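Visitor: I would like to learn how to read a model like this one, feature by feature. Could you give me the general idea each time, and then the case at hand?

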Amino acid sequence: MLFFEKKIYQTFINNSTKVIELKQELEAIMNLSGELVTITNANGMVLRVNNACEQILGVKESDLVGRSASVLEKRLL
């Protein structure tokens with residue numbers, strides 16, 4: 001029983017480490033890209049934008065998150 005619990009714990013630690021690594025990679029991509037980067041859900045709602053998007057559009061991320069991506073399209077036209 002103890003071995004099984006230790007194995008579950010190690011799997012949890014390995015998965016947590018992988019999630020942290022993926023999050024760091026995403027942050028690097030978002031911050032190092034000089035291009036507009038927008039992440040939306042399947043319904044076209046903005047989940048995240050990068051700093052370049054904020055600077056180019058002159059709008060804070062907090063003003064875009066939760067809104068339709070069409071808001072971005074209108075600001076770019």
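Predicted model: local features only at pLDDT ≥ 70, side-chain atom pairs only at ≥ 80, totals over all residues.

Visitor: How should I read confidence, and where in the protein chain is it lowest and highest?

Guide: The score, pLDDT, is the predictor's confidence in each residue, from 0 to 100. For the protein chain the mean pLDDT is 85, and 91% of its residues reach 70 or more. Confidence is lowest in helix H4 (residues 70–76), at a mean of 73, and highest in S2, at 92.

Visitor: Is Ala52 buried or exposed, and which residues is Ala52 in contact with, leaving aside its neighbours within four places in sequence?

Guide: Buried means under 20% relative accessible area, exposed over 50%, and partly exposed in between (1.4 Å probe, protein chains only). Ala52 counts as buried because its relative accessibility is 10%. Contact means heavy atoms within 4.5 Å, and, with neighbours within four places in sequence left aside, Ala52 is in contact with Ser33, Gly34, Glu35 and Leu36.

Visitor: Where does Asn50 lie, and what does its side chain do?

Guide: Asn50 lies in the loop between strand S2 (46–49) and H2, and Asn50 is buried, with a relative accessible area of 2%. A polar atom of the Asn50 side chain lies 3.0 Å from the backbone nitrogen of Cys53. Beyond its neighbours within four places in sequence, Asn50 is in contact with Met30, Ser33, Glu35, Leu36 and Val37.

Visitor: In what sense do strands S1 and S2 pair?

Guide: Two strands pair if DSSP finds at least two bridges between them; here strand S1 (residues 38–40) and S2 pair in the antiparallel sense over three bridges. Ile39 has Arg48 in S2 as its bridge partner. The two strands form a hairpin with five residues between them, and Gly44 in the turn has a positive phi of about 80°.

Visitor: How many salt bridges does a search of the whole structure find, and why does the pair of Arg48 and Glu27 tie together separate parts?

Guide: A salt bridge is a side-chain nitrogen of Lys or Arg within 4 Å of a carboxyl oxygen of Asp or Glu, and the search finds two. In one of them, the closest N and O atoms of Arg48 and Glu27 are 2.9 Å apart. Arg48 lies in strand S2 and Glu27 in helix H1 (residues 2–32), so the pair ties together parts that are 21 residues apart in sequence. Arg48 also forms a salt bridge with Glu61, the closest N and O atoms being 3.8 Å apart. Because Glu61 lies in helix H3 (residues 61–64) and Arg48 in strand S2, this pair ties together parts that are 13 residues apart in sequence. Through shared partners, salt bridges join Glu27, Arg48 and Glu61 into one network.

Visitor: Which residues make up the largest nonpolar core?

Guide: In soluble globular proteins, nonpolar side chains tend to be buried together. A nonpolar core is a set of buried Ala, Val, Leu, Ile, Met, Phe, Trp, Tyr and Cys residues joined through side-chain atoms within 4.5 Å. The largest one has nine residues in all: Val46, Val49, Cys53, Leu57, Val59, Leu64, Ala69, Val71 and Leu72. S2, H2 and H4 are the elements that give two or more residues to this core.

Technical notes: Residues numbered from 1 in each chain as written. Heavy atoms only, no water. Helix = DSSP H or I, 4+ residues; strand = E, 2+ residues; numbered from the N terminus. Polar contact = N/O pair within 3.5 Å; in protein donor to acceptor, adjacent residues only side chain to side chain.
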